[in-house]
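Please open the structure in a viewer and keep the sequence panel at hand.

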Amino acid sequence: MTKRMTKKEKLQLIMDDFTLFSKNFIHIIDNENEKVKFELNPAQVELHNLMEENKFVIVSKARQGGISTFTLGKALWRAIKNENENILLVSYKLDSSKALFEKLKQMNQWLPREAYPQLFPTVRRENRDELFFSNGSRITCSVAGNKSIGRGSTYSYIHLSEYAFYSQQEMQLLSAEQSLMKGNKSQLTIETTSNGTGNNYHKIFMASYKGNSKYKAMFIPFFHDLYKKQFKTEHDEAERWHKEYYSSRLQKKDLESDEKVIHDLGANLRFIMWRRYKLMDMSLQEFQQEYPATPLESFISTGHGVFDQGKVLERINHSIEPLARRECEDDVPSILQRYINKGLNIFQLPKSGRYYAGVDVASGSGGDDSTCAIFDSDGQQVATFNSNCVPVYQFAQIVDELGKWYNYAFVVVESNSYGLPLLERLRNDYQYMNLYKQRTFDQKGRRKMQLGFATTTTTKAILISDFKEQFETGLIRIDCRETLGQMQIFVENNGKMGNKKGEKNHDDLVIANALAVQGMKANRWYV
């Protein structure tokens, strides 16, 4: 016979489980402006389970997923349940910090203290941004400014809200991590909508999403189950609009190509009708930034990107993996074998026909990358190479081997800076003759041909414009995801083009690919 639980045992069970605590003791205001018990939605349950197993969690989300509300409830539960908890909630601007703190105070005020005085400590101090309880626990709300987060204190739980919009992300996160207690129960969570690429959040989330970080990633797409209830009213409006505008409810056979991709990812027809409804008043890029279907979509920037971000994203989604070592090792020249999938990505082995290569040269001292991109005559990218630790003399040998392996490819080398010594080695040491020559004029107006492509403000504009046209009109196909990633952060500011400012942001593969396009455009062959 099963023993019935006493009231004290039931209360203890509720206090020990946040999902039960929130459902029984926390109240919130819902979308109908009604005071209701806080029962976790599917995304909040998913996040709760992830936090049960991981100290560091990072969340990328569409709008209005309820993660901030979840965080406030979690912080309040920890402060109520445990003595001497020190909790820090950080927002990116003052008004959002105030809004969070007001919601936190409301949650606390609605706790049933009179019914269960033994469960809930009283508030000993309450000021503009802090709740301090009689059990020694405190919750502080602050704004991420120019000062280091959490300096001078240690915290058992830190939450960074809308982290992608912080002004000094890397410094702030480092400071927060150093302020976190070293115990088993301490936690640090990050949640935010994305804010373009090239920032610290983009780097950390993508690394964690690939499993290469101490942070565990969670992504909430706009068609997550939670939004079926959250956006029900808007979904109903969108369905009525669709029936009036298209004379029928959306059917699977009517889906556009991009909608089929989203449908295959899990979006039902109501979500897609809602997407069409929202796109009447906002651009596709704006929608993808606010309501992404995939993590990569969330990083689309609406700023001054040179390349069409929708097309870049579509190419990323459909790009192929480079050949595995076992698939190509027997065919790759011995000098190149050490670089397979460690700088050298091979998408197709050499076949008959002509190939075109672009080469951008760096010093090899750990800064910019030395890069090479190779295309066949149909515009298919067949191989790329990039490394920042290969000196010029070694890179010359790599370019020579790659060029000769790909049927003596026509090679276009940027002749600026380190490009000149590389050209000398290719011609003099390796007798590589199939090199691009640029027509120039001397001071007397006499025409001459010089090796390589000299990049100036004028010629760089032509270089990038031609590459952009070839890519966006589908005349070339790029499969290198590193190249596509650099295209996401390649911007134009005040007439100058290059990678978006940020540590470890590069554009060297963009330049190499653009140089290869110049080789195809020249359509010459010197051997």
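Begin inside the chain of this predicted model. Select the largest nonpolar core, which has 60 residues. Phe21, Phe25, Leu47, Ile139, Ile220 and Phe222 are the residues with the most contacts inside this core. Next, highlight helix 4, residues 67–81: with 8 residues, helix 4 gives the most to the core.

From there, centre the view on Phe25. Leaving aside residues up to four places away in sequence, phenylalanine 25 touches Leu11, Ile14 and Met15, as well as Trp110, Leu111, Pro112, Tyr116, Leu119 and Phe120. Another core, of 54 residues, lies apart from the largest one; Phe56, Tyr215, Phe307 and Tyr356 are among its members.

Select the open sheet of 8 strands, whose order is 5-6-7-4-8-9-3-10 and whose pairing is mixed. At its edges are strand 5 (123–126) and strand 10 (216–220), each of which pairs on one side only. From one strand to the next, the twist averages 15 degrees.

Move to strand 4, residues 86–91. Is this strand mostly covered or mostly exposed? Strand 4 is mostly covered, as 6 of its 6 residues are buried. Show the side chains: Asn86, Leu88 and Val90 point one way from strand 4, whereas Ile87, Leu89 and Ser91 point the other way, and all of them are buried.

Strand 7 (residues 138–143) runs parallel to strand 4 and is joined to it by 6 bridges. In this pairing, valine 90 stands opposite serine 142 of strand 7. Strand 8 (residues 157–161) also runs parallel to strand 4, with 4 bridges between the two. Here leucine 89 has histidine 159 of strand 8 as its bridge partner.

Continue along the sheet to strand 3 (residues 56–61) and strand 9 (residues 187–192), which run parallel and are joined by 5 bridges. Isoleucine 58 can be located by its bridge partner in strand 9, isoleucine 190. Then select helix 6, residues 169–179. Which strands does helix 6 lie across? Helix 6 lies across strand 3, strand 8 and strand 9, and runs at about 155 degrees to strand 9.

**The cysteines**

Select the cysteines next. A disulfide is a covalent bond between the sulfur atoms of two cysteines. With sulfur atoms required to lie within 2.5 Å of each other, the count comes to 0 disulfides. Cysteine 328 is in no disulfide, and the nearest cysteine sulfur, that of cysteine 480, is 15 Å away. Why does cysteine 328 count as buried? Its relative accessible area is 0%, and buried means under 20%. Cysteine 141 counts as buried because its relative accessibility is 3%.

**The whole chain**

Finally, zoom out until the whole chain is in view. Its secondary structure comes to 20 helices and 19 strands. The C-alpha trace spans about 95 × 60 × 55 Å along its principal axes. Of the 527 residues, 51% count as buried. Among contacts between residues at least 6 apart in sequence, 67% join residues at least 24 apart.

Key: Residues numbered from 1 in each chain as written. Predicted model: local features only at pLDDT ≥ 70, side-chain atom pairs only at ≥ 80, totals over all residues. Heavy atoms only, no water. Core = buried A, V, L, I, M, F, W, Y, C linked by side-chain atoms within 4.5 Å. Buried < 20%, exposed > 50% of the residue type's maximum accessible area, 1.4 Å probe, protein only. Contact = heavy atoms within 4.5 Å. Pairing = 2+ DSSP bridges. Axes fitted to C-alpha atoms, helices over the stretch in contact; angles between N-to-C directions.
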